[in-house]
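Here is my note for a colleague who is opening this model for the first time. Please read the points with the structure in view.

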Amino acid sequence: PDVVKLYGVGMFCIKRDSATSSYRILCCSSDIKCMTCSHGCHSCCHVRQLKDLLANEHKIYSPTLLDTIQSVKDILSHSEVSTSTSVSSPVCISSKRIDFDVIPGQFQNSAGYKPLQFCHNSDIVTLGCGASNETEMCCPTCAVELHSVDGPENVHFTSPPLVTRSFVFKTKVCHRVCPGCNNHLPFDGGAEGILNMGAFLISHEVLRDYMYHFLQTGMTMFGYYQTLCKHMEDAGVKDFQKTLTYNKFRLSWYAFVELLNIDYNEGFMCTECGQ
């Protein structure tokens with residue numbers, strides 16, 4: 001089926017298959033309903049088709065259709081609808097600025113580029129709370145020393161997957177809670193060459209690889225994503241397109257660009273006089 005966004009918030013049309021030229025109008029707000037079927041039906045075959053696309057986003061290979069499906073998901077999520085097909089978009093946790101130019105070898109001992117060094121006799125990469133290079137010594141809000149108060153009540157752990165250029169690793173990520181001001185200090189990942197997207201982690205190496213391909217060859221984001229999927233398939237990573245959907249990769253790229261330490265105004269200045 002094909003889905004096209006119409007003029008107007010939440011309005012889409014869907015064509016069941018290539019054999020027919022007729023479209024049906026769907027409205028997405030607090031739920032999905034078909035405006036073509038009688039009385040705004042919520043369970044007709046057209047609504048079911050759109051829900052099937054939402055549930056199988058990882059099987060869609062058309063970037064245009066993926067963007068349309070994401071528009072539907074954004075509307076449903078904004079309406080705070082909790083359904084099996086309404087999944088909220090990941091939010092970037094990392095906040096530290098990222099250098100555009102990297103010193104050669106800067107990340108050679110980091111978890112983002114060499115995660116196996118942080119597995120500690122297991123297949124799980126341990127990050128944060130003294131396990132990596134970026135441990136905060138003091139709370140940035142109240143200046144309480146943190147290294148001496150890492151009790152069970154002051155730390156909690158999450159286990160998001162870490163996506164690198166060649167494999168997907170399990171992780172154990174430590175997040176602190178300051179005992180002085182109760183400020184939550186999540187794992188940023190910047191010093192480790194990692195972008196923390198909450199539900200998943202992605203290595204700067206992946207994002208820089210796409211950046212270099214784009215700058216040198218003009219490769220599209222979707223083309224790079226498809227290439228990365230093939231590499232993961234060769235490496236034996238199962239269900240990679242479910243772990244990192246195209247939309248997740250797209251959002252992580254936008255978050256990475258937002259954090260890059262670049263003065264875009266310099267691109268519009270004269271190199272001779274600075275005007």
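1. Strands β2 (residues 11–15) and β3 (residues 24–28) pair in the antiparallel sense over four bridges. F12 has L26 of β3 as its bridge partner. Two strands pair if DSSP finds at least two bridges between them. Helices (H or I, at least four residues) and strands (E, at least two) are DSSP runs, numbered from the N terminus.

2. The model is predicted: local features need pLDDT of at least 70, side-chain atom pairs count only at pLDDT 80 or more, and totals for chains, interfaces and linings use all residues. Residues are numbered from 1 along each chain as its sequence is written, and side-chain values use heavy atoms, with hydrogens and water left out.

3. Axes are lines fitted to C-alpha atoms, for helices over the stretch in contact, and angles run from 0 to 180 degrees between N-to-C directions.

4. Contact means heavy atoms within 4.5 Å.

5. Next, a helix pair. The axes of α3 (residues 204–217) and α4 (residues 221–234) come within 10 Å and cross at roughly 130°. That makes α3 oblique to α4. Angles under 35 degrees count as roughly parallel, over 145 as roughly antiparallel, 65 to 115 as roughly perpendicular and the rest as oblique. V206, D209, Y210 and H213 of α3 meet M221, Y224 and L228 of α4. By class, this contact has five nonpolar, one polar and one charged residues. Ala, Val, Leu, Ile, Met, Phe, Trp, Tyr, Cys and Pro count as nonpolar, Asp, Glu, Lys and Arg as charged, and the others, Gly among them, as polar.

6. α3 also packs with α6 (residues 246–259), at an angle of about 85° and with the axes 11 Å apart. α3 is therefore roughly perpendicular to α6. On the α6 side, the contact is made by F249, S252, W253 and F256. The contact of α3 with α6 has seven nonpolar, two polar and one charged residues.

7. Is C178 buried or exposed? At 1% relative accessibility, C178 counts as buried (under 20% relative accessible area; exposed is over 50%, partly exposed in between; 1.4 Å probe, protein chains only). C178 lies in the loop between β8 (168–177) and β9 (184–185). The C-alpha atoms of C178 and N154 are separated by 6.6 Å, with the two residues 24 apart along the chain.
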